[in-house]
Amino acid sequence: MGNYLDILHKEVVPAEGCTEPIAVAYAVSLAAELLEGEITGIQLHLSGNIIKNAMGVGIPGTGQTGLPIAAALGAVVGRSHKELEILSGLTPDELKLANDLLERKLLQVEIMDTPEKLYIEAQVKTENHTAIAILAKEHTNIEYLALDGKKVTPKKSKADCGKPGLSDTEAYEGSVDRIFEFISTAPFSDLSFLLEGARMNKAISDEGLRGDYGLQVGKKMNQQSAMNLFGNDVANKIIAATAAASDARMDGSAMPVMTTAGSGNQGIACTLPVISLAELLGKDEETLARALALSNLVTVHIKHYIGRLSPLCGSGIAGGVGANSGIIYLMGGSLEQIKHGIQNTIASLSGMICDGANSTCALKISTSTNTAIQAATLAMNNIAPTTKDGVIFEEVEDTIRNMERLVQEGLADTDKTILNIMLSKGGAK
């Protein structure tokens, strides 16, 4: 899989807001910046997965939900160079301009019939000119940029540094063995940048525990009351802290999150259980950095097989497996016990579907965090499922590859069904 340090730098990046609607804002901004004069129309052609993940999520700094406001903001903010942090520093004037665009009914959204799970095509028009930006495969990967049909060379993306990443499918050589060797031997100085992401994700977790965000999954689990059946033990502190960050993020908190493999919720799911446990155990920064490198890289490894966007919940499954590995590492577990933990976690979570980015992501993440802790406890006691059990194979890499087969063969129509169910709700368009 190439240089794991390069992969960490590419796949662990900050974002403000849920990555799907923010990527739409980014695409619209790329096109709008090629134009001068008043915008007369914005047309979006989006893959079903983008629509599914952008319908129900709060957009930071707006108090509004979903694609329309994200697209309109992309047209007015004019800072595509900030990529997935494009909406940071949003001003009231920008929000007013965006809402004015929506009131003029300039936005059209269509589902694109494409096999590409992550596809965003933004066409922005003025009276005499049309600009088009297409993102595909990754949230900041510019596949096409043109003004009046003439291709424009995009400025070099921060994420496009010629480094290998999740979408590099040729000669893929990732494995848990190689990841463990890397995180065990890499100089601490190479991994210490991950601590910045830890501070970022811990900050939004603390905010989620303080505020009344979303379904308040983390906050209510953390409160001691007669209506809370959860105790004040280590496990529930970890689960509450992790869910609270997702509560805040999905409800439109303007605080940034360190993402993993293109998703803030995946970043939350794979790092906060590790961050919380390290704090509770009093681990030093080097141990935490190595555990975070492991949890992030295992998450990226799982995502390679289930896809950047998927009918399976990446935050729950990939993030949960990553968290489990980091938890076991902090508990002093061996490579073999980490493999046991992966098998245990996949055995428990492999059927968790993704029904879009919304407030219930915090519920899924709380479930996956609980599973990661349970699976780690079993693994530390050298307990794991066997080849007699369901989708589990003897070799952990074969079990992980079975997730790809499950997505491609077993769940081929699941995304379409989920999206149709979501669109069939009263008042949905």
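Me: In which loop is Glu127 found?
Reply: The model is a predicted one. Strand 6 and strand 7 form a hairpin with 4 residues between them. Glu127 sits in the loop between strand 6 and strand 7.

Me: Is Glu127 buried or exposed?
Reply: A residue counts as exposed when its relative accessible area is over 50%. Glu127 has a relative accessibility of 72%, so the class is exposed.

Me: Leaving aside neighbours within four places in sequence, which residues is Glu127 in contact with?
Reply: Glu127 and Gly41 are 86 residues apart along the chain, and their C-alpha atoms are separated by 9.0 Å. With neighbours within four places in sequence left aside, the contacts of Glu127 are Glu38 and Thr40.

Me: How many of the residues of strand 2 are buried?
Reply: Strand 2 covers residues 41-46. Gly41, Gln43 and His45 point one way, Ile42, Leu44 and Leu46 point the other way, and all are buried.

Me: Which residue in strand 6 is the bridge partner of Ile42?
Reply: Strand 2 pairs with strand 6 (residues 119-125) in the antiparallel sense over 6 bridges. His45 stands opposite Glu121 in strand 6. For Ile42 the bridge partner in strand 6 is Val124.

Me: In which sense do strand 2 and strand 5 pair, parallel or antiparallel?
Reply: Gln43 has Gln108 in strand 5 as its bridge partner. Strand 5 spans residues 107-111, and over 5 bridges the sense of its pairing with strand 2 is parallel.

Me: Which strands are the edge strands of the open sheet?
Reply: The open sheet is formed by 6 strands in the order 5-2-6-7-8-9, with mixed pairing. An edge strand here pairs on one side only, and the two are strand 5 and strand 9 (150-151).

Me: What is the bridge partner of Leu135 in strand 8?
Reply: Strand 7 (residues 130-136) and strand 8 (residues 142-147) pair in the antiparallel sense over 5 bridges. Within strand 8, the partner of Leu135 is Ile142.

Me: What is the phi of Lys105?
Reply: Most residues other than glycine have a negative phi. Lys105 is in the loop between helix 5 (92-103) and strand 5, and it is exposed, with a relative accessible area of 71%. Lys105 is not a glycine, yet its phi is positive, at about 55 degrees.

Me: Is Asp148 exposed or partly exposed?
Reply: Asp148 lies in the loop between strand 8 and strand 9. Its phi is positive, near 50 degrees, in a residue other than glycine. The relative accessible area of Asp148 is 40%, so the class is partly exposed.

Me: Is Met352 buried or exposed?
Reply: Met352 lies in the loop between helix 14 (335-349) and helix 15 (361-380). Not counting residues up to four places away in sequence, Met352 touches several residues, among them Pro311, Leu312, Cys313 and Thr367. Buried means under 20% relative accessible area. Met352 has 14%, so it counts as buried.

Me: What separates the C-alpha atoms of Met352 and Leu191?
Reply: Met352 and Leu191 are 161 residues apart along the chain. Their C-alpha atoms are separated by 31 Å.

Me: What radius of gyration does the protein have?
Reply: The C-alpha trace spans about 70 × 55 × 45 Å along its principal axes. For 429 residues, a compact globule would have a value near 22 Å, which agrees with the radius of gyration of the protein, 21 Å.

Me: What share of the residues of the protein count as buried?
Reply: There are 17 helices and 10 strands in the protein. Residues 24 or more positions apart account for 76% of the contacts with a separation of 6 or more. Of the 429 residues, the share that counts as buried is 57%.

Methods. Residues are numbered from 1 along each chain as its sequence is written. This is a predicted model: local features need pLDDT of at least 70, side-chain atom pairs count only at pLDDT 80 or more; totals for chains, interfaces and linings use all residues. Side-chain values use heavy atoms; hydrogens and water are left out. The radius of gyration is taken over C-alpha atoms; the globule rule is 2.2 Å times the number of residues to the power 0.38. Buried means under 20% relative accessible area, exposed over 50%, partly exposed in between (1.4 Å probe, protein chains only). Contact means heavy atoms within 4.5 Å. Two strands pair if DSSP finds at least two bridges between them.
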